[in-house]
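Work through the exercises below with the structure open beside you. Each task is followed by a solution in steps.

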Amino acid sequence: MDALSRNMFSILIKFLKERMFKHLRKWFVTRFFARSRQRSRLVSKDGRCNIEFGNVDAQSRFIFFVDIWTTVLDLKWRYKMTVFITAFLGSWFFFGLLWYVVAYVHKDLPEFHPSANHTPCVENINGMTSAFLFSLETQVTIGYGFRCVTEQCATAIFLLIFQSILGVIINSFMCGAILAKISRPKKRAKTITFSKNAVISKRGGKLCLLIRVANLRKSLLIGSHIYGKLLKTTVTPEGETIILDQININFVVDAGNENLFFISPLTIYHVIDHNSPFFHMAAETLPQQDFELVVFLDGTVESTSATCQVRTSYVPEEVLWGYRFVPIVSKTKEGRYRVDFHNFSKTVEVETPHCAMCLYNEKDARTRVKKGYDNPNFILSEVDETDDTKM
């Protein structure tokens with residue numbers, strides 16, 4: 001019994017090792033090699049555009065500084081805060097240096113040993129540090145009262161007025177840029193989410209490509225409009241190769257594609273008919289296709305009246321043929337509607353024709369059977385029957 005137990009235990013250990021090795025190998029291949037086979041995207045899943053502008057001449061780059069407001073708004077937060085801090089510290093130090101020059105020229109500094117009846121341009125400026133503090137107090141209107149401008153020299157009065165005006169401009173620009181950056185509708189777009197995959201299945205007797213979209217906030221998007229673009233490389237009859245050629249994809253819900261009542265998750269769909277670029281694709285050939293489906297949702301934020309756009313994209317590996325989405329809206333006992341986002345991107349397999357052409361051919365065949373079309377090549381021939389039986 002001991003030998004038998006040891007043999008069974010060794011067999012069990014060997015089996016577990018093989019299963020574990022197989023699982024690790026599958027995870028390694030999926031984790032590392034599948035990533036290298038990923039298709040390049042123009043638009044990422046979160047809506048960022050993957051495009052690079054090369055060989056832009058210096059004159060075109062100068063245009064970014066002419067439109068300084070948009071340039072500052074488009075900066076990342078770390079660069080924006082660097083510009084914010086540099087603008088204030090730089091202006092304080094620059095005007096502090098000018099106040100020091102005024103005191104130096106007017107011989108107000110202690111190193112000149114001014115007389116007892118000497119009236120300085122600015123009271124209590126004793127060096128560069130005190131000049132910097134006076135510049136800071138002037139521009140941010142602190143007004144401690146220890147240092148102040150006298151009526152002794154017009155230069156100091158003019159410099160005080162100029163710094164005050166310029167300080168208001170800097171404050172208005174930088175604070176406005178920070179506020180505009182925080183309130184950009186781009187952040188509102190983060191609360192609009194699309195399903196991880198698109199699916200192709202029958203809907204209303206038609207073969208459709210379906211995508212699910214949800215608004216994570218209770219505030220609505222007013223005047224929402226949804227549409228798509230299919231990006232692929234095409235060759236014209238003249239032999240010209242067009243990279244990222246754009247083909248319009250019409251998405252609708254049951255009530256249309258404009259002014260959506262976007263209070264609960266919606267399933268938008270594109271009918272794959274004879275005018276659809278998906279018409280000649282099939283379940284077997286879809287993974288070998290080279291395209292990128294970009295979906296756009298435009299709308300106006302209800303609380304700020306700002307227009308925002310949400311984008312996402314799907315490559316062929318993310319389009320599942322023969323699946324549909326799991327229902328996620330239910331009704332509670334209290335009579336409230338509940339959305340289960342745990343099943344937001346879940347799909348189930350359903351019976352689906354493997355190509356749109358097959359579905360339409362099947363419908364045409366059924367129609368011909370119902371209408372009873374005659375065969376024009378059918379010829380009725382009469383046969384004379386003779387009685388060869390002899391009695």
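**Exercise 1: Cysteines**

Cysteine 121 counts as buried, because its relative accessibility is 1% and the cut-off for buried is under 20%. The structure is a predicted model.

Task: Find which cysteine is joined to cysteine 121 by a disulfide, and state whether that partner is buried or exposed.

Solution. 
- Step 1. The disulfide runs from cysteine 121 to cysteine 153, with an S to S distance of 1.9 Å. The count for the model is 1 disulfide.
- Step 2. Cysteine 121 sits in the loop between α4 (77–105) and α5 (128–139), and cysteine 153 in the loop between α5 and α6 (154–182), so the bond ties together parts that are 32 residues apart in sequence.
- Step 3. Cysteine 153 has 12% relative accessibility and therefore counts as buried.
- Step 4. For reference, cysteine 208 is buried at 1%, while cysteine 148 is partly exposed at 36%.

**Exercise 2: Nonpolar patch**

Task: Determine which helix gives the most residues to the nonpolar surface patch, and classify valine 66 as buried or exposed.

Solution. 
- Step 1. The patch covers about 670 Å² and is made by Phe62, Phe64, Phe65, Val66, Ile68 and Trp69.
- Step 2. At least two of its residues come from each of α2 (58–66) and α3 (68–74); α2 gives the most, with 4 residues.
- Step 3. Valine 66 belongs to α2. Its relative accessible area is 59%, so valine 66 is exposed.

**Exercise 3: Nonpolar cores**

Task: Name the residues with the most contacts inside the largest nonpolar core.

Solution.

Notes:
Residues numbered from 1 in each chain as written. Predicted model: local features only at pLDDT ≥ 70, side-chain atom pairs only at ≥ 80, totals over all residues. Heavy atoms only, no water. Patch = residues over 30% accessible without salt bridge, like charges linked within 9 Å, V, L, I, M, F, W, Y side chains within 5 Å. Areas by Shrake-Rupley, 256 points an atom, 1.4 Å probe, with all protein chains shown as cover. Salt bridge = Lys/Arg side-chain N within 4 Å of Asp/Glu carboxyl O. Buried < 20%, exposed > 50% of the residue type's maximum accessible area, 1.4 Å probe, protein only. Core = buried A, V, L, I, M, F, W, Y, C linked by side-chain atoms within 4.5 Å. Disulfide = S-S within 2.5 Å.
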